[in-house]
Amino acid sequence: MRESVQAEVLMSFVVSEELSFRIPVELGYETRDPFAVRMTFHLPGDAPVTWAFGRELLVDGINGPSGDGDVHIAPTGLEDLSDVSIRLQVGADRALFRSSAPPLVAFLDRTDKLVPLGQERTLGDFEEHLEEALGRILAEENAG
């Protein structure tokens, strides 16, 4: 069984209303973390930055405003499959990206074929991987 889905899309990094530039963004999904998608942003002159957030947040954000934490996703227009705005925030720092919706939908469709939305908990080893991950996180916190 295949265990991951990857794709690369070009997104606009929106610096201001007057300035934006296209960057490659890697999309990733793995069955060992079935609730999350990862986006790795390749900004010129910087090390790649990866954000992980709920797959359902991305699904919801393509159709309407979604997210009330550090990640906000929303369509930019009213028509079906309009561009999608992705705003990432850490403290007062924000980054805004814009993507065409069809490549995101195609990626999500591939993830759904791997693990149907709503069926994430049916993966036999998900709970085991979760326990291992939590153990590593706690060990790192205690060591630091």
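**View 1. The β6–β7 hairpin and its turn.** In this predicted model, two residues sit between strands β6 and β7 in their hairpin, and G91 there takes a positive phi near 60°. Strands here are DSSP runs (E, at least two residues), helices are runs of H or I with at least four residues, and both are numbered from the N terminus. β6 and β7 (residues 93–99) pair in the antiparallel sense over seven bridges; strands count as paired if DSSP finds at least two bridges between them. Look for Q89 opposite R94 in β7, and for I86 opposite F97, also in β7.

**View 2. β6 and its other partner, β5.** Strand β5 (residues 71–75) runs antiparallel to β6, with five bridges joining the pair. Here H72 stands opposite R87 in β6. Five of the seven residues of β6 (residues 84–90) are buried, so the strand is largely enclosed by the rest of the structure. Buried means under 20% relative accessible area, exposed over 50%, and partly exposed in between (1.4 Å probe, protein chains only).

View 3. Seven strands line up as β4-β3-β2-β1-β7-β6-β5, with antiparallel pairing. β4 (49–54) and β5 are the edge strands with a single partner each, so one side of each has no neighbour in the sheet. From one strand to the next, the twist averages 30°. Helix α1 (residues 55–63) packs on the sheet, touching β2, β3 (36–41), β4, β5 and β6, and its direction makes about 35° with that of β5. Helix α2 (residues 101–114) also packs on the sheet, where it touches β1, β2, β3, β6 and β7; its direction makes about 160° with that of β1. Contact means heavy atoms within 4.5 Å. Axes are lines fitted to C-alpha atoms, for helices over the stretch in contact, with angles from 0 to 180 degrees between N-to-C directions.

**View 4. A nonpolar surface patch.** V15, L19 and F21 make up a nonpolar patch with about 240 Å² of accessible area together (Shrake-Rupley method, 1.4 Å probe, only the protein chains shown counting as cover for residues). Patch members have over 30% relative accessible area and no salt bridge; nonpolar side chains are joined within 5 Å, like charges within 9 Å. A salt bridge is a side-chain nitrogen of Lys or Arg within 4 Å of a carboxyl oxygen of Asp or Glu. V15 lies in the loop between β1 (4–14) and β2 (20–30), and its 45% relative accessibility makes it partly exposed.

Residues are numbered from 1 along each chain as its sequence is written, and side-chain values use heavy atoms, leaving out hydrogens and water. Local features need pLDDT of at least 70 and side-chain atom pairs count only at pLDDT 80 or more, while totals for chains, interfaces and linings use all residues.
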